[in-house]
Amino acid sequence: MAQITLDGIAHSFNPYPTSDADYALKNIDYQWEDGGAYALLGPSGCGKTTLLNIISGLLTPSNGRVLYDNNDMTLLTPERRNIAQVFQFPVIYDTMTVAENLAFPLVNRGVDSSEIDKRVADMLQTLEIADKANRRAQGLTADEKQKISLGRGLVRYDVSAILFDEPLTVIDPHMKWQLRTKLKSLHEQFGHTMIYVTHDQTEALTFADKVVVMLEGDVLQVGTPEELFDNPAHTFVGYFIGSPGMNIFPGTVAGKTFRLGSVDVQLNKGYSQLTGKTEIGIRPEFITLTSESKAGPQGMKFNLESIEDVGRQKIVRGNIEGIVVNVIVEEDTEVPREPYAIFDPERVRVYQDSFLVSGDR
């Protein structure tokens, strides 16, 4: 296990970069705590895998250093860094049995045979494939092969870190849930430093203690799932986290009032004059729909478009002043035919040029 520090990391696949646009990663400084569980989350092409490969040693950064426990590893190979990496698609030996595949990383490192047998037996039970221990890997399903690939990374107890690059892509949805739960359990049991790349917010939020949200080579926010939900540092984080994501409205701020088209939204804090692009964000969970007679002065006409029943809740879709709005209500909540929306002032967030700004009480 190791503390991993990224010191001024930037990377360009262009050998002669001339601007920020040439960089796949842009000046990242961050410290991954020893024994932490982290997720790199963002859309395709945001730089997640590039960053993971720099941490593992598969890629040397254009700028900056990678430190493991304050030791400079920037130019060292993955083998010299003593990490385990699990890739998007299974990396196993078809001619070996399941048990032999799991034992292979330990055999290569000269682990005592009795210890190998114990660890392999434990991993077979953990992954629920003990009945296939003596089967050759060639005839297994993609799900089963990826389980073995995960096991090959997890069977080593002495690694500095275990890195996962979208390892559940080929796994069926039910099995994904099981394996995410297993990974979380194994992290709590062994305390490995784990870094997990995914574009799936559910995977990130259920696995990681802290989530690193990335966009176009930038790290927008690092936080716990609760922090990302309650206080998104950027409008993209608000939109990307949540289902549906945060509602974003353009307008202007004056003191404790936000002007949205022809209506005013009350804020819980006062704000000085903001320049540039000004927006507010509020999550669908914190909007109340009621009738005009009960709305009061804070009510805004909500133009209802559709209602989707998604089990315990309904997603009510519509618009306010022409801006698309999603609202989440409990399943048994009756939505008025001509609803009015009320925003919870404590849950409204203010953004300037897409970044969260704090007001004064």
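Predicted model: local features only at pLDDT ≥ 70, side-chain atom pairs only at ≥ 80, totals over all residues.
The C-alpha trace spans about 75 × 50 × 35 Å along its principal axes, and the chain holds 10 helices and 22 strands. Of the 361 residues, 50% are buried. Contacts also tell a story about the fold: when residues at least 6 apart in sequence touch, 66% of those contacts join residues at least 24 apart.

Charge comes next. The protein chain carries 34 positive and 49 negative side chains, yet the centres of these two sets lie 2 Å apart. On the surface, a patch of negative charge brings together Asp309, Glu330, Glu331 and Asp332. One of these residues, Glu330, belongs to strand β19, which covers residues 323–330. Glu330 has a relative accessible area of 43%, so this residue counts as partly exposed.

The surface has a nonpolar patch too, formed by Leu58, Phe87 and Val91. Leu58 sits in the loop that runs between α1 (48–56) and β4 (63–68). Is Leu58 buried, exposed or partly exposed? With a relative accessible area of 47%, Leu58 is partly exposed, because that class lies between the buried residues, under 20%, and the exposed ones, over 50%.

Technical notes:
Residues numbered from 1 in each chain as written. Heavy atoms only, no water. Patch = residues over 30% accessible without salt bridge, like charges linked within 9 Å, V, L, I, M, F, W, Y side chains within 5 Å. Areas by Shrake-Rupley, 256 points an atom, 1.4 Å probe, with all protein chains shown as cover. Salt bridge = Lys/Arg side-chain N within 4 Å of Asp/Glu carboxyl O. Lys, Arg positive; Asp, Glu negative; His and termini not counted. Charge placed at Lys NZ, Arg CZ, Asp CG, Glu CD. Helix = DSSP H or I, 4+ residues; strand = E, 2+ residues; numbered from the N terminus. Buried < 20%, exposed > 50% of the residue type's maximum accessible area, 1.4 Å probe, protein only. Contact = heavy atoms within 4.5 Å.
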